[in-house]
Amino acid sequence: MAEPVLRRGSSGTAVRQLQEALKEAGHDPGPIDGEFGPATEAAVRAFQQEKGIAVDGVVGAITWLNIDEDAVFSRPVVRRGSTGLAVRRVQKRLTLAGYDTCGVDGIFDARTEAGVKALQRDSGLAQDGVVGPQTWNAIDALGD
């Protein structure tokens with residue numbers, strides 16, 4: 001499953017995650033309401049300008065990659081049922097490293113859990129499917 005292309009008029013969970021990421025990155029998207037309006041578009045354009053990528057106000061693959069990799073993220077414990085930016089980061093890193101999570105949607109489901117367990121197995125960690133401090137270290141090392 002590919003990441004959704006978001007633009008003015010888009011709405012839903014992916015827009016809410018985008019707005020949270022933009023806010024974390026220091027760009028005010030307006031209310032975190034899941035509605036891609038003028039303030040969110042302006043924040044996307046400012047983020048794109050800052051990252052030196054095409055400034056079009058549309059969130060496609062390149063903008064998502066920059067959001068997922070460059071925004072400042074906390075490392076909360078995430079497990080099946082978790083949602084949000086931290087889960088997107090887990091999914092993105094696992095997918096880029098060849099672990100199948102069936103996409104990057106910010107929803108920690110059974111497929112994401114299977115990818116986490118595979119990484120844990122390959123890293124010599126307990127295979128509990130929960131992303132805690134040791135598993136975060138392994139996930140963050142995937143990008144090195």
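User: Before anything else, what does buried mean here?
Analyst: A residue is buried when its relative accessible area is under 20%. With that cut-off, 47% of the 144 residues of the protein chain count as buried in this predicted model.

User: OK, and which secondary structure elements does the chain have?
Analyst: The protein chain has 6 helices and 0 strands, so that, taken along the sequence, the pattern reads α-α-α-α-α-α.

User: Why would one call its size that of a compact globule?
Analyst: Because a compact globule of 144 residues would have a radius of gyration near 15 Å, and the 15 Å of the protein chain agrees with that. The C-alpha trace spans about 45 × 30 × 25 Å along its principal axes.

User: Which residues touch the most other members of the largest nonpolar core?
Analyst: Those are Val78, Val90, Val131 and Trp136, in a core of 15 residues. The elements giving two or more residues to this core are α4 (85–96), α5 (110–122) and α6 (133–141), and the largest share, 4 residues, comes from α4.

User: What is tryptophan 136 in contact with, leaving aside its neighbours in sequence?
Analyst: Beyond the neighbours within four places in sequence, tryptophan 136 contacts Arg75, Pro76, Val78, Ala86, Arg89, Val90 and Val131.

Technical notes. Residues are numbered from 1 along each chain as its sequence is written. This is a predicted model: local features need pLDDT of at least 70, side-chain atom pairs count only at pLDDT 80 or more; totals for chains, interfaces and linings use all residues. Side-chain values use heavy atoms; hydrogens and water are left out. The radius of gyration is taken over C-alpha atoms; the globule rule is 2.2 Å times the number of residues to the power 0.38. Buried means under 20% relative accessible area, exposed over 50%, partly exposed in between (1.4 Å probe, protein chains only). A nonpolar core is a set of buried Ala, Val, Leu, Ile, Met, Phe, Trp, Tyr and Cys residues joined through side-chain atoms within 4.5 Å. Contact means heavy atoms within 4.5 Å.
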